[in-house]
Amino acid sequence: MISRPSRHCTVELQALPSRIGQVRRIVSAQLRYWHLDPLIDPAALAVTELLTNVHRHAEPDKQCTVEIVLMMDRLTVSVRDQDPRLPRVRECDLLATHGRGLALVAAVSQSWGMHARDDGSGKVVWFTLAVPQAAAPAKSPFAAHGAGRTAPPDRADLTRPAPPAGVVRERAPAARSAVHH
């Protein structure tokens, strides 16, 4: 079994509006560097929503950490803050201009969830995105005639590890959901 090593990026910040835009650009640049351009828009939108929730709701301060992990066929982005209160998803008006952050995260992600940190020092809210399969390399025009050989395909183990203990996995809630602390 050949497995791709994980790739990891961490950013610590105060979740202030000016910093949220910077982190959005950092996430976009990191995904571009990893050649994951198709994931830039959903990842940037979802991380913006999670950081906005920290800015609006987290107590006692707005200090948080964004972690991006690329492992095999999955990208996981998590936001850890110091507020142990878990967000609640609730019904809201479809025309609401705010309060639908987790509904947006759920809509653009493959999965998402949250958990309180074991030591009581805060929480982690995360989402995953499926990594697009790489385009198959073009076959040599000579391969059909036996004159060329190609290397065997990379056989990565595509099974997904189970989420860490205590993680709540959820799928997209109804479109009328909102999040409040």
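## Reading a predicted model

Author: The protein has 3 helices and 8 strands, and the model that shows them is a predicted one.

Reader: In what pattern do the helices and strands follow one another along the sequence?

Author: The protein is built from 3 helices and 8 strands.

Reader: What share of the residues of the protein counts as buried?

Author: The protein exposes about 10,600 Å², and carbon and sulfur atoms supply 56% of that area. Buried means under 20% relative accessible area. Of the 181 residues of the protein, the share that counts as buried is 40%.

Reader: How far apart are the end C-alpha atoms of helix α2?

Author: Helix α2 covers residues 40-57, which makes 18 residues, and at 1.5 Å a residue these should span 26 Å. The model agrees with that expectation, because the end C-alpha atoms of helix α2 are apart by 26 Å.

Reader: What is the relative accessible area of Arg 56?

Author: Arg 56 also lies in helix α2, and between Arg 56 and Ala 15 there are 41 residues of separation in sequence but 8.9 Å in space, C-alpha to C-alpha. A residue is exposed over 50% and buried under 20%, and partly exposed in between. Arg 56 is partly exposed because its relative accessible area is 49%.

Reader: Which residue has a side chain joined to that of Asp 81 by a polar contact of 3.0 Å?

Author: Asp 81 lies in strand β3, which runs over residues 74-81, and Asp 81 is buried, with a relative accessible area of 5%. Not counting residues up to four places away in sequence, Asp 81 touches several residues, among them Val 54, Cys 64 and Ser 121. A polar atom of the side chain of Asp 81 lies 2.9 Å from the backbone nitrogen of Asp 83. The polar contact of 3.0 Å joins the side chain of Asp 81 to that of Lys 123.

Methods:
Residues are numbered from 1 along each chain as its sequence is written. This is a predicted model: local features need pLDDT of at least 70, side-chain atom pairs count only at pLDDT 80 or more; totals for chains, interfaces and linings use all residues. Side-chain values use heavy atoms; hydrogens and water are left out. Helices (H or I, at least four residues) and strands (E, at least two) are DSSP runs, numbered from the N terminus. Buried means under 20% relative accessible area, exposed over 50%, partly exposed in between (1.4 Å probe, protein chains only). A polar contact is a pair of N or O atoms within 3.5 Å; within protein, one must be able to donate a hydrogen and the other to accept it, and residues adjacent in sequence count only if both atoms are side-chain atoms. Contact means heavy atoms within 4.5 Å. Accessible areas come from the Shrake-Rupley method with a 1.4 Å probe; for residues, only the protein chains shown count as cover. The expected span of a helix is 1.5 Å times one less than its number of residues.
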